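Here is a quick tour of the rings, cores and strands in this model. Have the viewer open and follow along.

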Amino acid sequence: MCKHNAFANETINLTNLSAPYNISSSLEYFESSNSKLSFRDIQSKQFAPYFKKNIHVGFSDATQWFKLNLVSAKTSNWVFECSNPVIEYIDVFIPQQNKQYKVFKGGCFVAKDKRSYTSSYPIIHFNLLANQPQTIFIKTKSQRAFYATFLIMPEAVHEIKRYSDERKVWILDGVQLLGNFLISIIAFFLLKTNTYKIFAIYSLCILFTVSAYHESIGDYFTNNPVQSTLINALPYRLLAIFEIVLTISFLPITTLYPKWVKWYLYLSIVSTLVLTLAIYFDYNWRWIKMNVLNTLIADFSIILLFAYAYYKKVKLEWLFVFSFIFSFTGFIFLQLRLLKVIDFAFIDNLVFFSDPIKITFFVLLICKIYLRSQQSEVDPAIMLEYQPEYHNIPLNNNDHHPPSPITSFADLNFEIEKFSVPIQQEQHINQQDEAFLQRIEQIIEAHLSDSAFNITDLADELNISTVQLRRKLKTLTNQTTVEFIRNYRLKKAAELLKNRNGNVSDVAFQVGFESLSYFTKVFQESFGKSPSEWSKSFK
């Protein structure tokens, strides 16, 4: 164990060090806003004790200098390691036998062939002569805020640590990369709704963000290290846009929330694009900090919107909601730490566990959808297409027919009826049966905007079993219960669109469809026109 005093300016004895040693709290610190100061000038400056567990530098164009005094009782080889690979510039000044300093250069803004190391992380090898105290200087400069740990360890220990770190990276990044890749494939090709397709693209963006952290994307486009780094950061900076678009697609924004909410979300998308362009054309810490703040505000706004939906008891597929929220929870913690709002020791663990939790919720969602399709005797692919994530009426046994054209309801006017294909019905319906059908329509009308209203709810209000309800409706209308409820909703939607009672998305939500793509699909199948075309035909 090395001898470490409470005073940062005292020399650290590394003689008995046999494990990686965090030198952050043993450093002395000096910050300079004058980029023209030479190393000789810096050596004469007064350094102050740092006394922090980790290196935490905010958004700035200043240069940070750190100084460390070391000694060993025997000549030995050592390794300095910086845990953050995305520091823009980091130089390590190691004293030589002629009392001159050798500069080891690194950082993501330095070309790889110009760096003094070949690994992803800045790693500098140096030696200490027996009983000869040496002072090491570390210089960092980064417009982006960064959080890092500075370690010193014997070379033999570093070899062991390197293999351990590589295994850890393979496991942690492998979980994120493989998980997000599979989610993207399943959400895009199996879950056939626009919301899931957006989620697939969003998951791919996260996948590229994880890959770019190790500088694995930008190099394919350019040899310029600055441009390469900016390309690597692009998926991360655009995450907020996909989060907002996904929120707009998933929630009934125009009907559940005040009108300004929709415009606020659109403004957030525009501001994210503007700030991203500003960073690329005028790289400056102010734009970067504003981008981080903008993303944080957007993330918290999304959480509040879902919290409000929960408060209003909106029927959502909450497994999907939790999967979505946990997908950016880790980024929230990282951004708060960059802004120096929080600095908990377990933040890294929270960031790591947020992605597996997201994947777990998504797997549970897929299992739930599959089990629902099995119970309904429907092929899962059809189930996923016709029963998107949270909105359609759950199917019961024998209610698995594809959408059929709307029946001619008694009060259906000519404009609606001319686009309907009548189906065969019983010729003689007595007054009791007519009252029964009217009662069903009254119940559906009372729950028209409730997307979760289903066959069981209808049977309960009629005080009969679901089996009785299915049989009686089939006899009277030649429709399944699902078809009857859906067709009634579509009839009401046609009336609302004809009377200009809201735009297509508003009308879809009013009649209990929370997936605009599914509503458009079944409406066109029933009326021969899309909802927007139908509305325009009555101008």
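## Ground rules

Helices (H or I, at least four residues) and strands (E, at least two) are DSSP runs, numbered from the N terminus. This is a predicted model, so to speak: local features need pLDDT of at least 70, side-chain atom pairs count only at pLDDT 80 or more, and totals for chains, interfaces and linings use all residues. Residues are numbered from 1 along each chain as its sequence is written, and side-chain values use heavy atoms, with hydrogens and water left out.

## Aromatic pairs

Start with helix H7 (residues 285-311): Tyr 308 and Tyr 311 both sit in it, three residues apart, about one turn of the helix. There are 40 aromatic pairs in the structure. For a pair, ring centres of Phe, Tyr or Trp (its six-membered ring) must lie within 6.5 Å; planes under 30 degrees apart are stacked, over 60 edge-to-face, and the rest tilted. Tyr 308 and Tyr 311 make a tilted one, at 6.4 Å centre to centre with 40° between the planes. Accessibility is scored with a 1.4 Å probe on protein chains only: buried is under 20% relative accessible area, exposed is over 50%, and partly exposed is in between. Tyr 308 comes out partly exposed at 30%, while Tyr 311 is exposed at 63%.

Helix H8 (residues 318-338) has a pair too: Trp 318 and Phe 322 are four residues apart there, about one helical turn. Their ring centres are 6.2 Å apart and the planes are at 40°, so this pair is tilted. Trp 318 is partly exposed at 21% relative accessibility, and Phe 322 is partly exposed at 36%.

## Clusters and charges over rings

One aromatic cluster takes in Tyr 196, Phe 199, Tyr 202, Phe 250, Phe 306, Phe 320, Phe 324, Phe 328 and Phe 362.

Then there are charges sitting over rings, meaning NZ of Lys or CZ of Arg is within 6 Å of the ring centre and within 35 degrees of the ring normal. Lys 197 has its charged end over the ring of Phe 188, 4.4 Å from the centre. Arg 337 does likewise over Tyr 147, at 3.9 Å.

## Nonpolar cores

A nonpolar core here is a set of buried Ala, Val, Leu, Ile, Met, Phe, Trp, Tyr and Cys residues joined through side-chain atoms within 4.5 Å. The largest has 55 residues, and those touching the most other members are Phe 199, Leu 251, Tyr 257, Phe 306, Leu 316, Phe 324 and Phe 328. Elements giving it two or more residues include helix H2 (155-189), helix H3 (194-212), H7 and H8.

Zoom in on Leu 251: leaving aside residues up to four places away in sequence, it touches Tyr 257, Leu 305, Phe 306, Ala 309 and Leu 316, where contact means heavy atoms within 4.5 Å. A second, separate core holds 34 residues, among them Leu 458, Tyr 488, Ala 508 and Val 511.

## Strands

Strands pair if DSSP finds at least two bridges between them. Strand E8 (residues 89-95) and strand E9 (residues 101-106) run antiparallel over six bridges, with Ile 90 opposite Gly 106.

An open sheet of four strands goes E2-E13-E7-E10, paired antiparallel. Within it, five bridges join strand E7 (residues 76-82) to strand E13 (residues 150-154), and Glu 81 has Leu 151 as its bridge partner.
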